[in-house]
Amino acid sequence: MALLDALRTARGIARSLRIYYGTRGHGAAMDRMYARFVRPGDLVFDAGAHVGDRVAAFRRLEARVVAIEPQPALVRTLRLLYGRDREVTIEPVALGERSGMVELRLNVDNPTVSTASDAFVAAAHGAPGWHDQAWTRRLTVPMTTLDELIARHGTPRFIKIDVEGFEAQTLAGLTQPVEALSFEFTIIQRDVALTALARCVSLGFTGFDAALGESQTLVHGAWQPADDIRRWLVGLPDAANSGDIYAVRR
């Protein structure tokens, strides 16, 4: 069974590599998006680095990167891709409100949606677009906080957070200002996104926008107040599925 799971995980990672590195125009679109926030020499945290396509974008923008990823198979992938890059540090940990240990729910066929959130798995059960997803393994991994990573590596200019339903807990582990960040939202868990948005407001962020799916295009094209983004998020149709909220200090 362990060998079969390893083969399935390898197949899932290979699929992600094809999608995120092989899709025409994907890298250029990311570069244009993140160039809004990142300058050469800046420090960036990539929380939920997965196979590192965002790491690649940040490096093309000449930023230093801390890639945060708790799944051992994905950590090995990141080390193969970026282990020789002195400007990339790989942190094999999950992020949350406090340091300690946390249990991951592993989707061996699609590691990109593995999660530390039981609520995320429950929300996906039976939801449109999620019928073929299954979380069949559990793994306990170390967990730290954004504050602790800042103490270790310095203050990033930008933080990208994509942690499958654990975004609010991850932001709860941040108590100090950064210039900008993004966090993923899913329609099956709008409540998590709204909690994360409220946390951003409490951290002093004042401008917000969003991108749907992997479009890498800001919906509004100008920074909006939190209340407007909240109403936009609540009004999204279920078919929207997912996207990212961007937050800045104006």
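Seven strands line up here as an open sheet, in the order β3-β2-β1-β7-β8-β10-β9, with mixed pairing. Strands count as paired if DSSP finds at least two bridges between them, and the elements themselves are DSSP runs numbered from the N terminus (helices H or I, at least four residues; strands E, at least two). The edges are β3 (88-91) and β9 (207-212), each pairing on one side only. From one strand to the next, the twist averages 15°. This is a predicted model, where local features need pLDDT of at least 70, side-chain atom pairs count only at pLDDT 80 or more, and totals for chains, interfaces and linings use all residues. Residues are numbered from 1 along each chain as its sequence is written, and side-chain values use heavy atoms, with hydrogens and water left out.

Now look at β8. On one side, β7 (residues 158-161) pairs with β8 in the parallel sense over 4 bridges, with Ile161 opposite Phe183. Strand β10 (residues 242-248) and β8 (residues 180-186) pair in the antiparallel sense over 7 bridges, and here Thr186 stands opposite Ser242. How many of the residues of β8 are buried? The count is 7 of 7, where buried means under 20% relative accessible area, exposed over 50% and partly exposed in between (1.4 Å probe, protein chains only). Both faces are covered, with Ala180, Ser182, Glu184 and Thr186 on one side and Leu181, Phe183 and Phe185 on the other.

Next come the helices. Helix α8 (residues 190-202) lies across β8, β9 and β10 and runs at about 165° to β8. Its axis comes within 11 Å of that of α9 (residues 226-235), and the two cross at roughly 175°. Axes are lines fitted to C-alpha atoms, for helices over the stretch in contact, with angles from 0 to 180 degrees between N-to-C directions. Contact means heavy atoms within 4.5 Å.

Finally, the rings: a search of the whole structure finds 10 aromatic pairs. Rings of Phe, Tyr and Trp (its six-membered ring) pair if their centres lie within 6.5 Å; planes under 30 degrees apart are stacked, over 60 edge-to-face and the rest tilted. Phe37 and Tyr246 are stacked because their centres are 5.5 Å apart and their planes at 5°. Phe37 sits in the loop between α2 (26-34) and β1 (43-47) and Tyr246 in β10, so the pair ties together parts 209 residues apart in sequence.
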